[in-house]
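Dear colleague,

My notes on what was found in it follow directly after.

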Amino acid sequence: MKLLRHTSPDPQQLALQLDFFSSDFSSQPKIDHPAPKHSPGSSLPPSAASNGDAAKPVAIGKRRVHVGEHHLDYTLVRSKRRSIGFMIDDDGLRITAPKWVTLTEIENAICEKQRWIFTKLNERRARSARRLQPQMEWRDGGTLPYLGNDITLRILATQSAGILYDAESQELTVCLPSDAAEQQLKDRVQGWLQLEAKRIFAERLPLYAKKLSVSYQSFALSSAMTQWGSCTADGKIRLNWRLIHFALPLIDYVIAHELSHLREMNHSPQFWATVQSVFPEFAAAKKALREHAPETLPIF
């Protein structure tokens, strides 16, 4: 999850935004590895194929290196940079390195970074698998994520308008004419979710503001496609209504994050210590949010 700082000519409009559909879903942040001096470097670990990987042909434009018991394919891009850069994207591992760095030195660097590389590759595969899961169906009996649980949609064919949630059965009943289009159902459900988001945010914000001994000027719902929330220096909070899909601890983390900016308008160690003081589990919540790709949320 990437945290961006935005500034404007007016210092009072300084805003800190918490990204969600960020580079974590399209490309991992680059990690620079100092380019080695002109030396042969140490030898690589012994070659050992795993799960038949060695039998697969190397794709055009890629190279293969033995890393422990695995065979790892990667793309190498030569550039004028002074360090070796590692990046994971939809095509796997990509390495950018100076022209004068030898292949042996590059592959030794891969071995040194193997824990990070394999962790990020596994995370990428897991997200790709979730993208392949069927999208929710907008019909009677379809399921919808709400506060971390799946609730069931019930459509009641009637000319009267209405929507009712039964917490015990976890069913959301939507009253619609029998000839209503799918978009009407989506609009009705989205409106209900936004009202729920506003209600829950209004309940949770004062709790964390009190814990942090801060005061916010106002809060509003956001429909941004790039941030979970934002905070300006003059205390204006915006929270993405789509957070209503997630369990309450994730909502609380974003609220604690944004309110903490009223004490530390940055992302310094002091800021994260402030977040941790009121939300000790922030690291796990941060990771959970990062794992939710756009494709895992309902499309309205």
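**Findings**

With a relative accessible area of 3%, L185 is buried. This residue lies in helix α3, which covers residues 182–212. Leaving aside neighbours within four places in sequence, L185 is in contact with W138, R139, I155, V174 and L176. L185 and C175 are 10 residues apart in sequence, and their C-alpha atoms are 8.9 Å apart in space. Please bear in mind throughout that this is a predicted model.

**The chain as a whole**

The protein chain has 6 helices and 14 strands. Of its 300 residues, 41% are buried. Among contacts in the chain with a separation of 6 or more, 55% are between residues 24 or more positions apart.

As background, nonpolar side chains in soluble globular proteins tend to be buried together. In this model, the largest nonpolar core has 45 residues, and V189, L193, L243, Y253, L259 and L289 touch the most other members. Helix α3 gives the most to this core, with 11 residues. There is also a second, separate core of 18 residues, which includes Y74, I84, F86 and W116.

**Helices α4 and α6**

How do the axes of α4 and α6 lie, and at what angle do the two helices pack? Helix α4 (residues 248–260) and helix α6 (residues 282–290) pack at an angle of about 105°, and their axes are 9 Å apart. Angles of 65 to 115 degrees count as roughly perpendicular, so α4 is roughly perpendicular to α6. On the α4 side, the contact is made by L250, Y253 and V254. On the α6 side, F282, A285, K286, A288 and L289 take part. By class, this contact has 7 nonpolar residues, no polar residues and 1 charged residue.

**Helix α1 and the cysteines**

Helix α1 (residues 103–112) is mostly covered, with 7 of its 10 residues buried. The buried residues in α1 are E105, I106, E107, N108, A109, I110 and C111. For C111 the relative accessibility is 12%, and the residue therefore counts as buried, the limit being under 20%. Another cysteine, C231, also counts as buried, because its relative accessibility is 0%. A disulfide is a covalent bond between the sulfur atoms of two cysteines. In this model the count comes to 0 disulfides.

**Strand β9 and T152**

T152 is found in strand β9, which covers residues 149–157. Is T152 buried or exposed? At 18% relative accessibility, T152 counts as buried, because the limit is under 20%. Not counting residues up to four places away in sequence, T152 touches G141, G142, T143, Q170, E171 and L172. T152 and Y165 are 13 residues apart along the chain, and their C-alpha atoms are separated by 9.6 Å.

Most residues other than glycine have a negative phi. Which value does phi take at Q170? The phi of Q170 is near 55°, a positive value in a residue other than glycine. Q170, one of the residues that T152 touches, is found in the loop between β10 (162–166) and β11 (171–176). Its relative accessible area is 29%, so Q170 is partly exposed rather than buried, which would require a value under 20%.

S213 is not a glycine either, and has a positive phi of about 55°. Its place is in the loop between α3 and β12 (218–222). With a relative accessible area of 67%, S213 is exposed, because this value is over 50%.

Yours sincerely

Conventions. Residues are numbered from 1 along each chain as its sequence is written. This is a predicted model: local features need pLDDT of at least 70, side-chain atom pairs count only at pLDDT 80 or more; totals for chains, interfaces and linings use all residues. Side-chain values use heavy atoms; hydrogens and water are left out. Helices (H or I, at least four residues) and strands (E, at least two) are DSSP runs, numbered from the N terminus. Buried means under 20% relative accessible area, exposed over 50%, partly exposed in between (1.4 Å probe, protein chains only). Contact means heavy atoms within 4.5 Å. A nonpolar core is a set of buried Ala, Val, Leu, Ile, Met, Phe, Trp, Tyr and Cys residues joined through side-chain atoms within 4.5 Å. Axes are lines fitted to C-alpha atoms, for helices over the stretch in contact, and angles run from 0 to 180 degrees between N-to-C directions. Angles under 35 degrees count as roughly parallel, over 145 as roughly antiparallel, 65 to 115 as roughly perpendicular and the rest as oblique. Ala, Val, Leu, Ile, Met, Phe, Trp, Tyr, Cys and Pro count as nonpolar, Asp, Glu, Lys and Arg as charged, and the others, Gly among them, as polar. A disulfide is a pair of cysteine sulfur atoms within 2.5 Å.
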